[in-house]
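Subject: Handing over the structure

Hello,

Here is the structure I promised to pass on.

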Amino acid sequence: MRSVRLFYFFLVLAGSLCCTPGAFAQDLNHKNELQLQWGLRQYMRQDFLFSPMLYQGNSLLNARLNYRRQRNSSIHLFGISAGQYNMGSGPLYRYLEWRTLEEVDAIPTTFVLLDLHYAFLKTIHKGNKLTLSAGGILENGTGAFFWGYGAQSFFGYTLTTGIGPVLQARYALGAKHALEGSFSMPVLSWLARSPYAVNDDEFIANQSSHSTLTTLGNLYKDGSLVTIDKLQKLNWMLSYSLSLSERWSAAAVYQGEYFRFSAPRKVVAIRNELSLGITYHF
Amino acid sequence: MKKIIFGLLLLGTLASCQDILFEPDPQNHPQVIYEQFITEFESFYAPFEERAIDWPELKIRYANQAQNLDSEEELYSLLTALMAEFDDGHIQLTTPGREVYYANSTYREKTGYDLFNKEVIRTNYLAPGSLKENSDEGYMRGMTNEGVLYIHTDFVGAQWEHLGQWIRKNIAAKGLIFDLRHNTGGDFTYAFLLAEQLAEEKRLVFTSRTKNGPGTHDYTSWHPWYLVPKGTGYTKPIVVLIDAFTLSAAERATMAFATLPNVTLVGEKTNGSTSTMMARELQNGWYYSLSTQQVTFADGNSYEGKGFPPDVLVQNQEADLAAGKDRVLEKAIALINQ
């Protein structure tokens, strides 16, 4: 499958970067980092509200911006990410339009995922090579799903805002190389999601203003508080960074997300991202 | 280096764990697909009662025929036959290389489809220079030769907001003809936005409830839909034109107009598919849609399967249109000129 081949291509590319010797030492006195990432994202979603089939797709239209600020042992992290995914459960086909009998393509399925997070961590261990930090994260996920059903298209959504623990580890491989990993898991979340029959009166009323922000607010309002026994959402990240100069470094990053929820019908989703990033230290 | 290779292998493993985390796709065999269709259809479909469908009997009758399904062609024949029993404009089936199948016989057989012709209206009824059309937004508007505002839309969408502004700008006209013939529906809340500019007092239009579970009685509570005045109102006469191809959100728009005291409905009854809809996918890639709501108009009646009736019944004939006459539109103009 093309998507899998592309994903492994990026995996090898990231691996190659990991093996490239660094040229400059990183100036560790800088306390702020701004990182921009782009890469190949792969998304799989089986959402029984919309289809019994597993939908898979890729995104090349994506970006992630991370900001990190460190003062002594305190770390603030802020991140925003967006990606558009072309999804499908199989090849798109052509059908004949009613009355005109014109042959046309079935409407494709497109997902748009937007993520925001803020985390506050404290360094709990600082050794020569290994630094461990732990703290809390507030994360927000917005999923807008445009499901294509041949001649028709329907909108679905999942909105989450959750809080939970976050763990982070940094390992200095040398003066120019470093590995980093993190893991977070919201334990308490506010979740709003498409209703059982997708377009019920409440949903129709919520979007009747036809203003994106008002609609988003209305949909959020209709959500409910869920704990980890109902919503399982995990985020993980592994990155390798290479110092390029006093101010700049490059990174190869793998990130993933697992999402599982059971109401009103079961949904399981996994996202894999393999990105290249450029970081400015100041 | 070993650590890096190990890390890459781990990532590869994580990326390929779909078989463990996801349920396998359902089996792609005609009999299995048919069973999936039946299970999901009865979980989501709402207006069995309104359409006088004896679902248990229907299921048994078709189950006998389903036992020998062996090909996609047989499956298509059986599914479309079952769908036809409902005569529901929202039940449609999209399959590769075929025309979209409409369970509604009027749509499927295009009965009387040619009894509406925009070219006749453009040429013979709208004042020169007044016509404005936008095929992307699916509307046509202008002033009739008698000084009456005329609007036709192909669907109910965002263009209705602009049309409301146009009506207000031309408040001096004798009246308004809103042509909903051959309107295939869309988002009825846009129709409410326009109708609320015409309304003078708050009015109940309809109540509806939606399936919220697989059980026969699994519904949300009834939701009332009101017109709440948003402007100064419109007191001139309004005539709304409807036909059997006025479907779904266009029928709800008809209901919204019908609650206004200065509105007369002219034409023939609407399609009778007043619910909202959703779509599902079968494991062979086919898509179908169905009705998920029960809707009761302000008068306490459901028009699902019956069609919303006109106040004045007028139907075009082929000979009229061939002669450049739209009798339905002429009746509307006459009513406004009274």
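In which loop of chain A does R99(A) lie? R99(A) is found between β4 (94-96) and β5 (103-105) of chain A; strands here are DSSP runs of E with at least two residues, helices are runs of H or I with at least four, and both are numbered from the N terminus.

Before going further, a word on conventions. This is a predicted model, where local features need pLDDT of at least 70 and side-chain atom pairs count only at pLDDT 80 or more, while totals for chains, interfaces and linings use all residues. Residues are numbered from 1 along each chain as its sequence is written, chains are lettered from A and ligands numbered from 1 in the order in which they are written, and side-chain values use heavy atoms, with hydrogens and water left out.

Backbone of chain A

R99(A) has a phi near 70 degrees, a positive value in a residue other than glycine. Further along, A263(A) and P264(A) are joined by a cis peptide bond with omega at about -10 degrees. P264(A) sits in the loop between β13 and β14 (267-281) of chain A. As background, most residues other than glycine have a negative phi, and most peptide bonds are trans.

The cavity

Searching the whole structure turns up one cavity of 30 Å³ or more. A cavity is a set of points, on a 1 Å grid over the protein atoms alone, where a 1.4 Å probe fits but cannot get out; lining residues have an atom within 4 Å of a point. The largest cavity has a volume of about 130 Å³, volume being the space filled by probe spheres set on the points, which are joined across faces, edges and corners.

Its lining has 16 residues, and L113(A), G141(A), G143(A), E257(A) and F259(A) are the ones nearest the centre. At least two lining residues come from each of β1 (32-47), β6 (109-126), β7 (130-149), β8 (152-172) and β13 (248-261) of chain A. β7(A) gives the most, with four residues. By class, the lining has six nonpolar, five polar and five charged residues; Ala, Val, Leu, Ile, Met, Phe, Trp, Tyr, Cys and Pro count as nonpolar, Asp, Glu, Lys and Arg as charged, and the others, Gly among them, as polar.

Helix pairs in chain B

Axes are lines fitted to C-alpha atoms, for helices over the stretch in contact, with angles from 0 to 180 degrees between N-to-C directions. The axes of α3 (residues 30-44) and α4 of chain B come within 11 Å and cross at roughly 175 degrees. α3(B) and α4(B) are therefore roughly antiparallel to each other, the word used for angles over 145 degrees. Q31(B), Y34(B), I38(B), F41(B) and E42(B) of α3(B) meet W55(B), K59(B), Y62(B), A63(B) and A66(B) of α4(B), contact meaning heavy atoms within 4.5 Å. That contact has seven nonpolar, one polar and two charged residues.

α4 (residues 55-66) also packs with α5 (residues 72-84) of chain B, at an angle of about 165 degrees and with the axes 11 Å apart. α4(B) and α5(B) are therefore roughly antiparallel as well. Here W55(B), L58(B), Y62(B), Q65(B) and A66(B) of α4(B) touch L78(B), A81(B) and L82(B) of α5(B). The classes are seven nonpolar, one polar and no charged residues.

Best wishes

Conventions
1 Å grid on protein atoms, 1.4 Å probe; cavity = no way out; pocket = protein on both sides within 12 Å on 5 of 7 lines; lining within 4 Å. Parallel < 35°, antiparallel > 145°, perpendicular 65-115°, else oblique.
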